[in-house]
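Please consult the sequence and the model while reading.

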Amino acid sequence: MTVETEVAVIGGGATGVGVARDLAMRGVDVALLERGTGLNAGTSGRSHGVLHSGARYAESDPDGAADCLRENRTLREIAPGCVVDSGGLFVRLADDDSAYFERKLDACREVGMDPTRLAPDEIRERVPGIAEAVEEGFGVPDGVVSPARLVAATAASARDHGASIHTGSAVVDIDVGSDSGRLAVHVDGGPTIAADSVVNAAGPWAGEVAAMAGAQLGMRPTRGVMVAVDYPGLGPVLNRCREPADGDIVVPHGEQAVLGTTSVAVDDPDTFEREDWEVERTLSECAAMLPALADAMVERTYWGLRPLYEPDELAREGRGISRDFAVVAHDAAPGLVSVVGGKLTTYRRMAEAVADRVCGDLGVEEPCRTAEEPLPGAGDPERLDQLAREFGAVGPADSDVVRE
Ligand SMILES: Cc1cc2nc3c(=O)[nH]c(=O)nc-3n(C[C@H](O)[C@H](O)[C@H](O)COP(=O)(O)OP(=O)(O)OC[C@H]3O[C@@H](n4cnc5c(N)ncnc54)[C@H](O)[C@@H]3O)c2cc1C
């Protein structure tokens, strides 16, 4: 059986559902294919869930940081029920470089933030368990976002605008170069989808999906661990103000705190090692900021894979650079567009860039409206949780918060 559509989107993480929503809102016929039994089965459901202000990247990638800040504000408008306005703090401990602290503070100002400089007493007031070694800090508008709610509400919006969402639909092959110019997407045990364009939003698996169409997409996924511990009442997202390294962020999550993370190259996104040292190092480094974490009960650990694009990574050094995104059209597979990299925080902006590209190819002139129209259930946590359950979108990142 063959199903006809204008665009097939492969991948039901934040990026894929964002693309489906954007295109559907512009009147394009879309079918989204996700191999998991539910949406949010990949990296999106396995992040820290920080709604970045951009402060983490302000000195290394001001453009990426400005994107974060803009999208941070937009998501608070269109999806308030997906966001907790926790605020964020950057803290410098006694051994950390004070020149780096000043550089970051200046860079945050230049990006458009209004960071408040805080003395140790003021930091202790906001974060009672902070280490004695804290020397100074500043506040930024970080928040916490629920990927399950965000992905599900975005998918619901796409569906409301006419998109069809197919979970349990693993793409196994893509035929290109037919006389009609249309592509044929083959789903394991399912129908073939015939489409004018195919968007590859398969995150860390995007290289494999591109190869199915005979195209090359160099990916360099890296894994990072997150450790959720029993730690009620943290308050703000706590960031260590130093050159990026293992274990420099603690995220408030209801009664818990989520600690992160590491960065280790991975060959195969389906079968990668998960090592104890990553958990231990993350715990001990984060305990330098909050000593009580060393004895906190570990509730769960999970790993996520950064969908990093190799050409960008080769041009970068280390982890200080923002995880920016790339939209790639493939000469070897006309009609296939891949989107890789980025962040959960900037998923809407990534989707807009992809939809602009695809609409250009299809001759669709409708503008993007995703930043203006609120998501379904935008301010209603009960409704958002219901959508998350309906789409099977609850993942390890917020299984403690989204009610089953
Ligand atoms: C450790 C870590 C922490 C992070 N923390 C944050 C954070 O705090 N804040 C933030 O903004 N960003 C964060 N990020 C980044 C962010 O999570 C990712 O950039 C983003 O979620 C990627 O979304 P995606 O939709 O592109 O990929 P994914 O969410 O991985 O989606 C890809 C989907 O494609 C599906 N798929 C794969 N192959 C096929 C196939 N053949 N057929 C059909 N479907 C297929 C997969 O099942 C998956 O659901 C973090 C990333 C990591 C690794």
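How many salt bridges does a search of the whole structure find? In this predicted model, the search finds 31 salt bridges. As background, side chains of opposite charge can pair when their charged atoms come close.

| Salt bridge | N to O distance |
|---|---|
| E71 and R348 | 2.9 Å |
| D400 and R300 | 3.0 Å |
| R357 and D361 | 3.7 Å |

The salt bridge between E71 and R348 links distant parts of the chain, for the two residues are 277 residues apart. E71 belongs to helix α2 (residues 62-78), whereas R348 belongs to helix α9 (residues 347-362). Both residues, E71 and R348, are buried.

The salt bridge of D400 with R300 has one partner in the segment after α10 (381-390), namely D400, and the other, R300, in strand β20 (residues 298-306), so the pair ties together parts that are 100 residues apart in sequence. D400 has a relative accessible area of 29% and is therefore partly exposed. R300, by contrast, has a relative accessibility of 16%; because this value is under 20%, R300 counts as buried.

The salt bridge of R357 and D361 lies within helix α9, where the two residues are 4 residues apart, about one turn of the helix. R357 is partly exposed, with a relative accessible area of 38%, and D361 is also partly exposed, at 46% relative accessibility.

Salt bridges can also share partners: in this way R92, E102, R117, E135 and E136 are joined into one network.

Conventions:
Residues numbered from 1 in each chain as written. Predicted model: local features only at pLDDT ≥ 70, side-chain atom pairs only at ≥ 80, totals over all residues. Heavy atoms only, no water. Salt bridge = Lys/Arg side-chain N within 4 Å of Asp/Glu carboxyl O. Buried < 20%, exposed > 50% of the residue type's maximum accessible area, 1.4 Å probe, protein only.
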